[in-house]
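Dear colleague,

Please find below the sequence and structure that I am handing over to you. My notes on what was found follow directly after.

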Amino acid sequence: MPRFTVHIRDEWLAVSCRDTSNTIQWLGQEALKRYMKNKPDNGGIGSVKETRFFVRRCQGLGLLDAEDTIDDVLEDNDFVELAIEGDTMSSDFIPCEPGVSNITAAYKEPAEYISLDGNSLTSTDLVNLGRGLYKIKLTEEAERKVVQSRELLDTIVKENKVVYGITTGFGKFARTVIPVSKLKELQENLVRSHSAGLGNPLSPERTRMLLALRINVLAKGYSGISLETLQAMIQAFNASCLSFVPEKGTVGASGDLAPLSHLALGLMGEGKMWSPKSGWADAKYVLEAHGLKPISLKPKEGLALINGTQMITSLGAEAVERAQAIAQQADIVAALTLEVLKGTTKAFDSDIHSLRPHPGQTEVALRFRSLLDSDHHPSEIAESHRFCDRVQDAYTMRCCPQVHGIANDTIKFVQNIINTEINSATDNPMVFAERGETISGGNFHGEYPAKALDFLCIAVHELASISERRIERLCNPSLSELPAFLVNEGGLNSGFMIAHCTAASLVSENKVLCHPSSVDSLSTSAATEDHVSMGGWAARKALRVVEHVEQVLAIELLAACQGIEFLRPLRTTTPLEKVYDLVRSVVRPWIKDRFMSPDIEAVHRLLVDQKVWNVAKPYIDKYQREYVPESRPCSPTAFSLDTPASPRKRFRHE
């Protein structure tokens with residue numbers, strides 16, 4: 001019997017149709033009946049017959065005439081949207097350009113491919129796969145290794161050997177031998193029973209990352225997956241058919257069992273799935289809508305799909321990539337604040353940092369010099385306080401290389417661990433085709449990424465902690481020599497008063513989130529899995545910490561740009577003026593109080609999209625290309641009061 005999936009407001013409804021000579025009007029009314037039946041108040045709809053609506057295909061083939069027959073304009077398992085006339089309740093139904101569904105409008109099918117071999121994927125690649133920038137294919141070598149691994153497993157089954165997870169139960173049931181006739185059922189039961197996660201589903205982007213990473217790990221050829229099943233997973237990825245994967249439920253050993261089981265469940269045609277074409281619907285029908293078939297599990301394949309650290313690692317990859325991006329931009333934001341507060345650049349002298357040559361510290365100091373060096377970028381603001389009597393700045397400005405530097409070094413450390421984990425076989429048992437045997441081990445344990453992501457939280461949090469203190473200095477007139485809370489007519493206007501409170505609240509939240517989850521462990525599976533990593537929570541909270549850091553720095557950047565307004569007509573250095581112009585392209589100056597959240601969100605988006613970095617990077621690169629190490633490469637800051645120097649030959653007088 002033909003079946004159609006209809007989207008009404010926030011719900012997807014399956015409507016069966018015995019007679020496809022019925023009209024689109026009939027289909028819409030049947031869908032409305034089902035929608036009203038599920039609502040205590042009938043969804044606010046009075047009468048089905050009196051309700052005016054229009055229908056269009058999700059695939060973007062335009063509006064459907066109410067009098068057209070279903071047989072003429074729809075195909076079996078098509079997805080359609082129904083919009084009720086005058087309906088303002090639906091946040092899901094957003095008008096798009098003619099003929100384009102709101103579901104498909106934001107998604108552009110990629111044309112380029114990334115070839116996976118299980119050995120060379122990076123965190124950057126994985127994030128780009130999550131964003132839908134690439135499709136996936138296997139290398140020939142990966143296909144060969146997958147086939148060899150599967151051949152060994154088929155031999156084990158044929159010879160009735162007793163091997164964990166292939167011909168036995170799991171965990172506490174490892175000594176229970178399963179008859180060959182029930183090996184398929186064993187794998188299916190494993191996936192179904194382990195799909196016990198809770199909470200909101202991962203976003204489509206994060207589910208794409210999770211699926212891509214599991215494919216990459218299986219492509220190594222040590223899990224015993226069949227090439228047929230692996231290719232089916234790749235087809236689902238390339239069609240962006242993504243399972244419903246709840247974010248909660250993993251303890252990080254034996255791998256991310258619950259989330260990976262949900263991932264596999266959708267591929268089996270069970271549970272829920274999402275695609276740009278269909279939205280959320282039953283997995284079976286989402287697959288059918290894309291011409292795909294549910295996977296049929298062979299011996300060991302259920303275990304191969306769910307045993308590993310891919311949720312920890314995929315979320316960790318996003319966290320470390322975003323942490324790296326915000327760490328680079330934190331230097332730019334801090335440099336602008338230093339200019340507004342009329343600070344000195346002498347603390348960034350390369351000779352100081354050569355005496356404590358941590359890579360991150362040296363790198364941050366060089367960035368500050370590249371943005372503030374008066375030889376390269378004259379600053380009228382700097383010239384205005386050249387002969388002030390200030391000796392040195394507060395730690396929040398003077399110690400940026402030391403504080404930001406360790407964050408940079410920690411991010412690199414974590415990124416190295418995540419990239420190793422991305423290309424690691426984390427299944428159990430491992431299938432060694434060249435040795436002709438399977439070996440049980442513990443590569444599924446998530447302690448490596450869990451510990452690393454806990455480190456990441458602690459390190460990147462400090463960027464927000466020190467940023468919040470700089471926001472305080474910008475808003476406090478006794479420290480900034482600027483109007484209180486960066487607004488005129490204080491009292492009538494409150495300016496950045498509560499924006500600073502928001503920054504303080506986010507920093508305080510981060511202090512709690514930085515408590516390491518990996519110091520905890522609870523014994524599970526009847527004490528068989530008696531030490532676990534809690535890496536799933538480590539990864540999820542790392543993302544929250546990084547987002548808070550981005551938001552705090554967005555507030556600082558807004559405040560610094562507002563501070564510039566009170567120093568006009570003086571101008572800062574060329575790269576920092578470019579940053580100011582970028583911010584002003586999305587947020588106008590603060591003349592009097594207005595709704596502030598949209599301004600913070602707009603600047604947060606600039607940081608997430610790395611636009612602040614992209615504006616400043618050419619100037620940083622140019623400075624570093626032209627920089628020639630000398631005995632005192634920052635000699636402009638080393639002038640003597642007894643020997644007058646050219647104004648262009650020093651950073652700032654202190």
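Two strands are said to pair if DSSP finds at least two bridges between them. Helices (H or I, at least four residues) and strands (E, at least two) are DSSP runs, numbered from the N terminus. Please note that this is a predicted model, in which local features need pLDDT of at least 70 and side-chain atom pairs count only at pLDDT 80 or more, while totals for chains, interfaces and linings use all residues. Residues are numbered from 1 along each chain as its sequence is written, and side-chain values use heavy atoms, with hydrogens and water left out.

Domains. The protein chain is divided into domain 1 (3-84), domain 2 (113-307) and domain 3 (315-521 + 530-626); these bounds come from an automatic or database domain assignment. Between domain 1 and domain 3, the C-alpha centres are 49 Å apart.

Strand β5. Strand β1 (residues 3-8) pairs with β5 in the parallel sense over 4 bridges, and L82 in β5 is the bridge partner of I8. Strand β3 (residues 53-57) pairs with β5 in the antiparallel sense over 5 bridges, with A83 of β5 as the bridge partner of F54. Buried here means under 20% relative accessible area, exposed means over 50%, and partly exposed lies in between (1.4 Å probe, protein chains only). In β5 (residues 79-84), 6 of the 6 residues are buried, so the strand is largely enclosed by the rest of the structure. In a regular strand the side chains alternate between the two faces of the sheet. In β5 both faces are covered, with F79, E81 and A83 buried on one side and V80, L82 and I84 buried on the other.

A further sheet. An open sheet of 3 strands runs in the order β9-β11-β12 with antiparallel pairing. Its edges are β9 (242-243) and β12 (279-282), each with a single partner strand, so one side of each is left without a neighbour in the sheet. β9 pairs with β11 (residues 272-275) over 2 bridges, and S243 stands opposite M273 in β11.

Helix α24. The buried residues of α24 are V612, W613, A616, I620 and Y623. They pack against α12 (310-340), α14 (359-372), α21 (535-565), α22 (574-584) and α23 (597-608), where contact means heavy atoms within 4.5 Å.

Around helix α22. E577 is in helix α22 and is buried, with a relative accessible area of 3%. Leaving aside neighbours within four places in sequence, E577 is in contact with R568, R571 and T572. The peptide bond from R568 to P569 is cis, with omega near 15 degrees, and P569 lies in the loop between α21 and α22.

N160 is not a glycine, yet its phi is positive, near 55 degrees; N160 counts as exposed at 55% relative accessibility.

Yours sincerely
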